[in-house]
Amino acid sequence: MINPAPAAAQMGLSWGCGCPSLTGHASGFLTSLVTLLLLQLGSAQLRVEGPSHPVTATVEQDVVLPCHLSPQRDARDLEVRWIRRTISETVHHYRNGEDLYGEQMGAYAGRTELSRDGLSAGSLDLRITGLRPSDDGQYVCTVEDADAYNEAIVELEVSATGADPHLSLGGYEAGGVRVLCRSAGWYPLPQLLWRDARGQHLPSVSQTHSQDQEGLFEIEGAIIVTGNAEGPLSCVVRSSRLQQEKESSLHISAPFFLNARPLIVVLALVLVLLAVSIGLGVYLFRKQATQATELEKKDAKLEKQAAELAWRRCLLPQNKVKVTLDPHTAHPELILSEDHRSVRWKNGLKDVPDTDERFDIRLCVLGYEEFRDGRHWWEVEVEGEGETESNSWWAVGVAKASVKRKGLFNMSPEEGIWAVQYDEGQLMSLTSPRTPLSMSPVPTRIWVCLDCTQQHVSFINADNGVEIFTFTAANFNKKPIRPWFLLWTPGIQLCLRDSTPQTLSPALGGSCPSPDTPVSPLLGSAGAAQE
């Protein structure tokens with residue numbers, strides 16, 4: 001801490017109550033100036049650092065994910081949050097000296113601990129006990145205070161070494177003997193290889209794998225060995241992550257192959273008799289199963305037709321609304337066009353007021369319009385180069401007017417958000433957990449259909465009229481609903497369009513206005529406009 005007294009003495013000032021050389025007003029001004037300088041010198045921009053290489057650990061052990069502030073500073077009064085990067089859900093949350101568990105993922109309950117001893121020195125290490133295969137992946141260590149935010153990514157590689165391979169004979173096949181190899185308890189999925197007595201690799205005739213409830217892999221392979229084989233046969237199961245392998249060997253004597261052909265004939269006769277004996281039973285069983293399946297298909301078809309009828313009813317021309325973007329809610333890195341009908345992202349915070357309405361961490365913006373009842377729809381187009389590249393991240397949908405604006409939050413119906421998202425080459429719905437959506441190509445013109453009466457939110461491909469995803473039983477609870485958008489990709493923009501659902505095939509021409517400059521938050525409200 002800098003002592004202001006010497007500096008004051010050099011300027012000819014007296015800090016005592018004797019005879020000051022300046023007037024009271026000048027002295028007070030100087031005191032304020034010195035205090036401000038001290039505060040600026042005492043504050044430092046937050047910077048979080050993690051390891052440059054993955055952290056490795058084995059299943060059922062404990063692991064510490066390292067993370068620290070640089071330069072070193074006291075972190076006890078900061079907000080620290082560890083989250084899973086791929087699903088953006090909270091693993092551990094610390095704030096103002098307390099561990100908060102309200103948002104913690106159930107899979108980590110009772111298994112995480114922030115190292116309190118190191119907080120005063122800027123250490124943000126997280127301990128995870130009893131590792132599971134599902135813990136494998138990337139974690140984000142985030143830190144924020146009233147003025148700054150930063151994060152670091154930590155890669156955790158979880159491994160498990162399985163049991164020794166078990167070899168067994170599966171019977172005669174194709175003029176030889178079928179040999180099976182099985183090994184369980186591995187993570188991640190290992191390789192299964194066959195070797196002859198000279199160490200040469202042999203091809204498998206089949207190979208399968210499965211996972212148990214704990215996420216550990218079991219792998220099984222098969223090979224046909226003929227009488228030409230010499231010496232022992234080896235099965236090797238190898239983990240590329242651990243650089244470890246386990247091996248078992250089996251030697252089949254030559255006389256065993258002499259009985260292969262007659263035994264194959266006997267086996268074939270037994271299989272034929274067995275097939276005839278169970279054929280009638282299978283026929284009767286399948287007949288009953290077919291009838292039950294047909295009834296299920298009819299019910300599913302009726303349910304699908306009802307859902308399609310609902311969103312098609314929503315797309316009637318009288319339900320079309322003109323949506324505009326609300327600059328008061330836009331994240332400081334989002335730039336709106338002058339007509340508030342398009343938005344793009346530009347790295348670097350804009351000089352806008354930090355109000356309660358504005359998003360500060362999630363790069364989101366809301367529409368002006370609020371809906372409480374009835375049916376409404378509008379069109380959003382993703383425009384620009386790379387809108388469906390693997391590094392793009394955008395989302396469209398609706399949210400409660402009261403949706404959280406500050407800090408990190410889960411984008412899900414539980415938080416009052418119903419949307420579809422494109423991230424890292426995958427289109428998905430923001431359900432809990434996420435639901436991957438297989439669509440090729442990825443739609444770039446989307447109709448958002450909001451049915452407040454039925455509490456449904458549907459997303460339709462505007463190019464061909466195909467349903468993308470529908471949220472049912474959205475549970476609005478008569479609360480006002482607003483359009484919601486997220487964008488974190490350079491070179492593209494989200495545009496609000498005026499179109500008609502009667503034209504489903506060709507895309508509309510033209511482009512939306514370019515958002516070249518931030519829109520002032522003091523502009524008047526555009527208000528809702530229905531066509």
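A disulfide joins Cys67 to Cys141, with an S to S distance of 2.4 Å. Here a disulfide is a pair of cysteine sulfur atoms within 2.5 Å. The link of Cys67 and Cys141 is left-handed, with -85° about the S-S bond. Cys67 lies in the loop between β3 (63-65) and β4 (68-69) and Cys141 in strand β10, so the pair ties together parts that are 74 residues apart in sequence. Strands, like helices, are DSSP runs numbered from the N terminus (helices: H or I, at least four residues; strands: E, at least two).

The model is predicted: local features need pLDDT of at least 70, side-chain atom pairs count only at pLDDT 80 or more, and totals for chains, interfaces and linings use all residues. Residues are numbered from 1 along each chain as its sequence is written, and side-chain values use heavy atoms, with hydrogens and water left out.

Cys67 is buried at 1% relative accessibility, and Cys141 is buried at 0%. Buried means under 20% relative accessible area, exposed means over 50%, and partly exposed is in between (1.4 Å probe, protein chains only).

Is Thr142 buried or exposed? Thr142 is buried, with a relative accessible area of 3%. Its contacts (heavy atoms within 4.5 Å) include Glu79, Val80 and Arg81. Tyr149, Asn150, Glu151 and Leu408 are also touched by Thr142, with residues up to four places away in sequence not counted.

How many disulfides does the count come to? The count is two. In the other bridge, the sulfur atoms of Cys181 and Cys235 are 1.9 Å apart. The link of Cys181 and Cys235 is left-handed, with -80° about the S-S bond. This pair links distant parts of the chain: Cys181 sits in strand β13 and Cys235 in strand β18 (residues 233-239), 54 residues apart. Cys181 and Cys235 are both buried. Cys449, by contrast, is in no disulfide. The nearest cysteine sulfur to Cys449 is that of Cys314, 4.2 Å away. Cys449 is buried at 2% relative accessibility. Cys452 is in no disulfide either, and the nearest cysteine sulfur, again that of Cys314, is 8.9 Å away. Cys452 is buried too, at 9%.

Four strands form an open sheet in the order β12-β13-β17-β16, with antiparallel pairing. Two strands pair if DSSP finds at least two bridges between them. The edge strands are β12 (166-173) and β16 (206-211), and each pairs on one side only. From one strand to the next, the twist averages 20°. That angle is taken between axes, which are lines fitted to C-alpha atoms, for helices over the stretch in contact; angles run from 0 to 180 degrees between N-to-C directions. β12 and β13 (residues 176-186) are antiparallel over seven bridges. Across this pairing, Leu167 stands opposite Cys181 in β13.

β26 and β27 form a hairpin with two residues between them. In the turn, Glu424 has a positive phi of about 55°.

Now the nonpolar interior. A nonpolar core is a set of buried Ala, Val, Leu, Ile, Met, Phe, Trp, Tyr and Cys residues joined through side-chain atoms within 4.5 Å. In the largest core, of 40 residues, Trp378, Trp394, Phe485 and Leu494 touch the most other members. Trp378 touches, among others, Val321, Val323, Phe371, Val398, Ile446, Trp447 and Leu496, not counting residues up to four places away in sequence. Apart from this core lies another, of 35 residues, among them Cys67, Leu119, Leu124 and Val143.

Finally, the whole chain. The protein chain has four helices and 34 strands. Buried residues make up 41% of its 531 residues. Of the contacts with a separation of 6 or more, 64% are between residues 24 or more positions apart. The accessible surface comes to about 28,600 Å², of which 53% belongs to carbon and sulfur atoms. Accessible areas come from the Shrake-Rupley method with a 1.4 Å probe; for residues, only the protein chains shown count as cover.
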